[in-house]
Amino acid sequence: MAYYLVEHGAQVAVLNPLVVRRFIQMHLGKGKSDRKDAQWLLRYGQQQPLPGWQPEAPILVECRQLEQVMEQFIRQRTMVSNSLQGLQHQPVVSAIARKRLQQTLKLLDQQIQALEAELLALLEQHYARKMPLLCSIPGIGRKTAAQLLLFAKGFAQVENYRQLIAKAGLCPREYSSGSSVRGKTRITRMGGGLIRSKLFMSSFAAKQSNAACKALYDRLVAKGKNGKVALVAVCNKLLKQACATIQSGIPYQADFSSNLAPSP
């Protein structure tokens, strides 16, 4: 519908449904029906500034479709693998059933590898300048760089690294009130789960090969922080480095900050 409206010259805003829901709760809205929802949407549009929405570039839409199909195959592969593992623990194992599951597992592996290669090829072709910049960061490989470009839409609309960290759901969320409520500080997880998992896996390599990430990890662990908390901080550091590298157009340099003139 959004694409259709934009194509016909309408001004379109796309919002997270949770935003409108919180707006209704804030105004103590009671009851729910299609008519009331429409009235609340009208009221929200009249009272709140709405950012204009524009369709994504066709290459991003195509890559996201490949990503979605690949994720479906990965979920199917997990189901088939679990079924095969469960079958092998049965007292009686059908050779035919085991063979079919193994064949299906092999076919899914081939499809996942083919989709991954096609997705990488498309992104490397479209972002021929940005891919090498991201891959120059120690700890970020081709797959993670491709996922970052797809997640950040080529970094075209990213103003600063904090915006990207929030979008990835990696910013901490405190839960406390006075002296009685002391919840554990956790990341928000409001964002892309796929990019979080990719960055988390990359953080293991980054804390070994990336000097800035290693120093951050060691410092947090020395202060008594949990290893997982320190790895999340490394993920944020990688996003910060990615934004700086893309915005400057210069490959990653470990001593880049030392070359900057001090502020007056």
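# L238 and the packing around it

User: Which residues is L238 in contact with, leaving aside its neighbours within four places in sequence?
Analyst: This is a predicted model, in which local features need pLDDT of at least 70 and side-chain atom pairs count only at pLDDT 80 or more, while totals for chains, interfaces and linings use all residues. Residues are numbered from 1 along each chain as its sequence is written, and side-chain values use heavy atoms, with hydrogens and water left out. Contact means heavy atoms within 4.5 Å. With neighbours within four places in sequence set aside, the contacts of L238 are I137, P138, I140, L199, S202, S203, A206, N210 and C213.

User: How many helices and strands does the protein chain have?
Analyst: Both are DSSP runs numbered from the N terminus: helices are H or I over at least four residues, strands are E over at least two. By that count, the protein chain has eleven helices and four strands.

User: What percentage of the residues of the protein chain count as buried?
Analyst: Buried means under 20% relative accessible area, exposed means over 50%, and partly exposed lies in between, with a 1.4 Å probe and protein chains only. The protein chain has 264 residues, and the share of them that counts as buried is 29%.

User: At what angle do the axes of helix 9 and helix 11 cross?
Analyst: Axes are lines fitted to C-alpha atoms, for helices over the stretch in contact, with angles from 0 to 180 degrees between N-to-C directions. Helix 9 spans residues 193-209 and helix 11 spans residues 227-248. Their axes come within 9 Å, and the crossing angle is roughly 95 degrees.

User: Are helix 9 and helix 11 roughly parallel or roughly perpendicular to each other?
Analyst: Angles under 35 degrees count as roughly parallel, over 145 as roughly antiparallel, 65 to 115 as roughly perpendicular and the rest as oblique. The axes of helix 9 and helix 11 cross at roughly 95 degrees. The two helices are therefore roughly perpendicular.

User: How do the residues of the contact of helix 9 with helix 11 divide?
Analyst: Helix 9 supplies L199, F200, S202, S203, F204, A206 and K207, and helix 11 supplies K228, L231, V234, C235, L238 and L239. Ala, Val, Leu, Ile, Met, Phe, Trp, Tyr, Cys and Pro count as nonpolar, Asp, Glu, Lys and Arg as charged, and the others, Gly among them, as polar. The division is nine nonpolar, two polar and two charged.

User: Is S203 buried or exposed, and with what relative accessible area?
Analyst: S203 is in helix 9. Beyond residues up to four places away in sequence, S203 touches L231, V234, C235 and L238. S203 is buried, and its relative accessible area is 0%.

User: How far apart in space are K207 and Y217, C-alpha to C-alpha?
Analyst: K207 is in helix 9 and counts as buried at 15% relative accessibility. Not counting residues up to four places away in sequence, K207 touches C213, K214, Y217 and L231. K207 and Y217 are ten residues apart in sequence, and their C-alpha to C-alpha distance is 6.5 Å.

User: At what relative accessibility does F155 count as buried?
Analyst: F155 lies in the loop between helix 7 and helix 8. F155 is not a glycine, yet has a positive phi of about 65 degrees. F155 counts as buried at a relative accessibility of 8%.

User: What is the C-alpha to C-alpha distance between I165 and N236?
Analyst: I165 is in helix 8 and N236 is in helix 11. I165 counts as buried at 9% relative accessibility, and N236 is buried with a relative accessible area of 17%. Apart from residues up to four places away in sequence, N236 touches I165 and L170. I165 and N236 are 71 residues apart in sequence, and the distance in space is 6.4 Å.

User: Is L28 buried or exposed?
Analyst: L28 lies in the loop between helix 2 (17-26) and helix 3 (34-47). L28 has a positive phi of about 55 degrees although it is not a glycine. With a relative accessible area of 65%, L28 is exposed.
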